[in-house]
Amino acid sequence: MRIGLDIGSTTIKAVVLDDRGEIVFRRYERHRAQIALLSEVMLHAIMAQFPGERFCLGISGSAGMGLAEELDIDFLQEVYATRVALKERVPDADVAIELGGEDAKILFLTGAGGLEVRMNGTCAGGTGAFIDQMATLMDVPVEQLEGLSEAHERSYAIASRCGVFAKSDIQPLLNQGARKEDVARSIFEAVAGQTVAGLAQGREIAGNVVYLGGPLTFFAQLRDCFDRSLGVRGIHPEDALYFVAIGAALQARREVDIAELIPRIRARASQARYVSCPPLFESEAEYQAFRERHARARVETVSRPGYNGKVYIGIDSGSTTIKAVVVDEDYNLLKTAYMSNKGNPLPAVRQFLREFYRDYPDAVVAGSGATGYGEALVKTAFRLDCGVVETVAHFIAARQLQPQVDFIIDIGGQDIKCFRIADGAIDDIFLNEACSSGCGSFIQTFAAASGGLPVEEFARRGLLAKHPVDLGSRCTVFMNSSVKQAQKDGATLEDISAGLSISIVKNALYKVIRTANASELGDHIVVQGGTFLNDAVLRAFEREIGKDVVRPNIAGLMGAYGVAVWSASHAGGEKSAILSAGELETFDQKTTNTRCSGCQNHCMLTIIRFEGGGESRRFVTGNRCERMTGGGKKPMPNLYEEKRRMIRDFEPGENRRGRIGIPMGLNMYELFPFWHALFTQLGFQVVQSPESDHGLYASGQRTIPSDTACYPAKLMHGHIEWLLGQNVDAIF
């Protein structure tokens with residue numbers, strides 16, 4: 001019999017072929033980086049099912065080479081393994097598209113170009129890991145994306161170039177009330193678009209297209225997105241999950257003794273072969289001293305059930321969490337909450353307010369406010385008094401605890417904010433722009449991938465790790481690969497947890513702040529944000545800058561606390577306009593989507609209407625002007641529309657010497673009047689391509705030769721495709 005093991009970036013697939021080439025055993029498991037253990041388990045299962053049999057063994061997959069080399073087992077490169085299996089199982093295939101955990105491949109099998117392989121190199125956007133991350137962001141099991149997508153009504157444009165950019169697209173949609181069904185479909189469309197635009201690179205995907213790999217097996221809706229994008233009816237063969245393993249088995253030539261092999265795999269797993277950092281804490285006693293020092297920076301939490309004085313409420317609606325506080329007139333905390341927003345912050349805020357009214361029925365709410373990503377939404381929904389910019393809210397909170405504060409660093413779920421303070425005011429601000437690898441969601445993703453551990457438990461495991469992995473400061477995609485390599489080389493969960501905490505700090509200091517000398521940040525540093533509640537991150541930060549810092553006991557609530565303090569002096573009255581306890585009971589929200597016809601932008605609007613408080617309020621998002629929010633005035637003349645009309649009004653001219661097509665994009669658009677005059681005077685007829693739209697873009701996707709071209713450059717391919725269809729003599 002022949003065994004094929006496909007050890008990928010996230011899964012292990014095993015097949016056994018009998019002497020007729022039929023599959024008599026198959027198994028698919030997520031290895032969660034426990035590669036040696038899962039390999040051993042699978043080989044044990046094969047031995048148990050086929051006692052006394054003799055086996056040849058072949059290994060393939062992105063994570064299988066090291067194991068194969070050390071154990072002296074036949075290794076077959078995964079692309080070649082796929083080709084071998086396709087020849088055997090689908091001999092008439094023209095193109096194969098395979099999506100794995102972290103890789104995406106297109107194999108062109110026939111045609112003028114001959115055999116050619118396109119594979120993602122620098123980015124894992126548009127793969128199974130990307131889909132997993134998006135499901136986590138939506139707070140749904142990844143298996144539910146299929147059912148959600150089936151019930152979609154519309155889709156949104158979502159970047160799939162990187163999980164970071166996709167989060168930036170999806171999180172506002174969820175916060176603003178977009179249906180999860182529509183977001184799920186949009187994710188699948190983004191994956192299809194990323195694969196085609198990023199990997200086809202000039203070759204047409206046509207003929208018999210075969211879909212392979214986990215994501216394309218488990219998600220029929222994803223296959224439908226590929227079908228629609230390519231204009232084909234793709235083939236999804238039986239055992240599409242196992243084609244790499246089948247190829248490895250078909251090419252296995254050398255017989256191995258499985259019983260003798262298993263102890264060697266186990267011995268390999270116990271050997272550590274990775275670069276490590278010094279431990280964060282040498283002993284439990286050192287850790288306890290660290291805890292006691294940081295316990296001194298406190299905002300007191302008091303319980304005063306009969307309290308009937310004034311209170312101030314602050315709500316921080318962040319990218320992934322809701323933070324809420326109620327403070328008394330001395331700014332002591334009466335009530336706090338730190339909750340996941342689960343894609344919709346309003347139910348969590350409503351529940352917090354109801355509990356507050358129940359616990360403090362006699363208190364007088366004198367001020368209320370909001371900050372964060374969902375500031376405008378929460379403020380409108382619950383009729384809060386004020387909204388505060390995040391930077392100001394955090395500065396106010398930090399100054400309450402450390403009046404001399406001269407530097408603040410706040411690490412949240414997806415963003416890092418750093419403020420330099422001079423003369424009692426914010427003097428400079430640093431924000432992460434295109435990367436979230438130093439943020440809370442970064443470590444949360446790895447916690448979820450490590451057997452679904454709560455992030456608190458995952459962080460705690462790293463505190464006393466003896467050999468933290470040195471992961472440097474890298475983007476999330478590459479960090480995934482580095483972590484998996486360290487696990488293959490024997491790193492424990494504790495070592496990886498500590499290494500990630502150190503990496504977060506390096507990303508913040510050297511990628512966001514871009515400091516040349518971390519010791520020069522300031523003398524009175526306050527750290528904030530939920531990520532700094534992780535003692536490992538805090539310890540790594542102090543060691544990197546060589547100074548002790550202040551971490552308040554409410555590090556994760558500082559934004560909300562700052563808003564509450566601010567509202568005390570800016571609410572503008574004795575009593576807040578916030579919804580009362582009775583009005584909260586009738587609170588309701590209804591979400592509708594509509595297309596605005598007020599101008600040629602035709603914005604797709606999400607309108608959320610709120611009932612409760614004896615009035616109807618609405619919140620509009622997706623708008624690119626203030627017209628739908630009630631702030632629109634008589635429109636000024638639209639000079640862009642006038643410019644477009646003037647350009648379209650140019651006559652093509654006489655065809656005395658031929659027809660020349662001009663693609664209307666990039667600087668060709670701006671300089672069209674000049675080129676039109678030149679070619680017309682020379683006797684050519686000038687043909688313009690039409691205005692850009694998504695259909696035009698899609699028509700040129702397959703011809704884009706680079707996966708790093710910008711969108712406007714990609715768009716030009718569609719314009720040229722259109723001109724080719726007009727049979728012009730030349731394109732300029």
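## Salt bridges

How many salt bridges does the count come to? The count is 45 salt bridges, in a model that is predicted.

Arg-118 pairs with Glu-116, with the closest N and O atoms 2.3 Å apart. Arg-118 is buried, at 12% relative accessibility. Glu-116 is partly exposed, at 25%. Another salt bridge joins Arg-358 and Asp-359, at 3.3 Å from N to O. Here Arg-358 is exposed, with a relative accessible area of 58%, and Asp-359 is partly exposed, at 28%.

## A link across the sequence

Lys-417 and Glu-390 form a salt bridge, their closest N and O atoms being 3.1 Å apart. Lys-417 belongs to strand S17 (residues 416-422) and Glu-390 to helix H15 (residues 390-401), so this pair ties together parts 27 residues apart in sequence. Lys-417 is buried, with a relative accessible area of 5%. Glu-390 is partly exposed, at 22%.

Shared partners also build a network: salt bridges join Glu-78, Glu-98, Asp-103 and Lys-105.

## The four-stranded sheet

An open sheet runs in the order S8-S7-S6-S9, with mixed pairing. Strands S8 (116-119) and S9 (209-212) are at the edges with a single partner strand each, so one side of each has no neighbour in the sheet. Neighbouring strands are turned by 15 degrees against each other on average, direction ignored.

S6 (residues 95-99) and S7 (residues 104-108) pair antiparallel over five bridges. Leu-99 has Ala-104 in S7 as its bridge partner. Helix H3 (residues 78-89) packs on the sheet and touches S6, S7, S8 and S9. Its direction makes about 50 degrees with that of S7.

## Helix H1

H1 (residues 35-49) has 15 residues. It reaches 21 Å from first C-alpha to last, close to the 21 Å expected. Its buried residues include Leu-38, Met-42, Ala-45 and Ile-46.

Technical notes
Residues are numbered from 1 along each chain as its sequence is written. This is a predicted model: local features need pLDDT of at least 70, side-chain atom pairs count only at pLDDT 80 or more; totals for chains, interfaces and linings use all residues. Side-chain values use heavy atoms; hydrogens and water are left out. Helices (H or I, at least four residues) and strands (E, at least two) are DSSP runs, numbered from the N terminus. The expected span of a helix is 1.5 Å times one less than its number of residues. Buried means under 20% relative accessible area, exposed over 50%, partly exposed in between (1.4 Å probe, protein chains only). Two strands pair if DSSP finds at least two bridges between them. Axes are lines fitted to C-alpha atoms, for helices over the stretch in contact, and angles run from 0 to 180 degrees between N-to-C directions. Contact means heavy atoms within 4.5 Å. A salt bridge is a side-chain nitrogen of Lys or Arg within 4 Å of a carboxyl oxygen of Asp or Glu.
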